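Please keep the sequence and the model in view while reading.

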Amino acid sequence: MIESDYLKGNTGLIQKLRQIPTLGVFDEKDLQGALQLSKIRKYEPGELILEQDSYDNWIYFLVSGKVRIVKNGKELSVLRRSGDVFGEMGVIDGSARSASAYAIDETVCLVIDASYIDRLSGNDRVAFCYILFRVFAECLVNRLRLTTEELIKAKEEIARLRSEKDPFCS
């Protein structure tokens, strides 16, 4: 992994971040504040980004590349879109990482150290918390929608299999 220093005053990165739907609604000043708590990390294909059952305070935003999310050795999903977020669940509730993440190809992530929120004050703290929790909310809503769709499909498949096995059960 190659890692930048904490980011400050990077106008080009601000413009790229504004293209991410979740972050596009925030003004440049608020994004600048978030960048002061952020780093850019570049991963090689196959490299471990975060490990299941580990603890840390980093939240990851996919900038480019692809990330495989794996739990107990089984692939859960592949993140492909710029702006996809991962690693947020442990930050929300302080628990261990629920899954591992691996770079599929060369992958670049913006990573934010959520523990630095405590060092902010006043409007900077309010703005950063708002950005962070809005990102969390959008991410979790999207995942809940996907999970609901998968649950419906699974129930339909179970019902289909039951009716094929015993056509008198319905």
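## Terms and basis

A salt bridge is taken here as a side-chain nitrogen of Lys or Arg lying within 4 Å of a carboxyl oxygen of Asp or Glu. The model is predicted, so that local features need pLDDT of at least 70 and side-chain atom pairs count only at pLDDT 80 or more, while totals for chains, interfaces and linings use all residues. Residues are numbered from 1 along each chain as its sequence is written, and side-chain values use heavy atoms, with hydrogens and water left out.

## Salt bridges

Under this criterion the model contains eight salt bridges. Three residues, E157, R160 and E164, are linked by such contacts into a network.

One of the pairs joins K42 to E106, whose closest N and O atoms are 3.6 Å apart. Because K42 belongs to strand 2 (residues 38-43) and E106 to the loop between strand 8 (100-103) and strand 9 (107-113), this pair ties together parts that are 64 residues apart in sequence; helices (H or I, at least four residues) and strands (E, at least two) are DSSP runs, numbered from the N terminus. K42 has a relative accessibility of 29% and counts as partly exposed, and E106 is likewise partly exposed at 44%, where buried means under 20% relative accessible area, exposed over 50%, and partly exposed in between (1.4 Å probe, protein chains only).

## Two further pairs

D56 and R97 meet through their side chains in a salt bridge with an N to O distance of 2.1 Å. This pair links distant parts of the chain, 41 residues apart, with D56 in the loop between strand 3 (48-50) and strand 4 (58-64) and R97 in the loop between helix 3 (88-93) and strand 8. D56 is partly exposed at 27% relative accessibility, whereas R97, at 4%, is buried.

A salt bridge also joins the side chains of E75 and R68, at 2.6 Å from N to O. E75 is partly exposed, with 46% relative accessibility, and R68 is partly exposed at 30%.

## Nonpolar cores

In soluble globular proteins, nonpolar side chains tend to be buried together. A nonpolar core is defined as a set of buried Ala, Val, Leu, Ile, Met, Phe, Trp, Tyr and Cys residues joined through side-chain atoms within 4.5 Å. The largest such core has 24 residues, of which I59, F61, L110, F128 and L132 touch the most other members. At least two residues of this core come from each of strand 4, strand 9 and helix 4 (122-165), and helix 4 provides the largest share, seven residues.

Another core, of 15 residues, lies apart from the largest one and includes Y43, I49, Y60 and A101.
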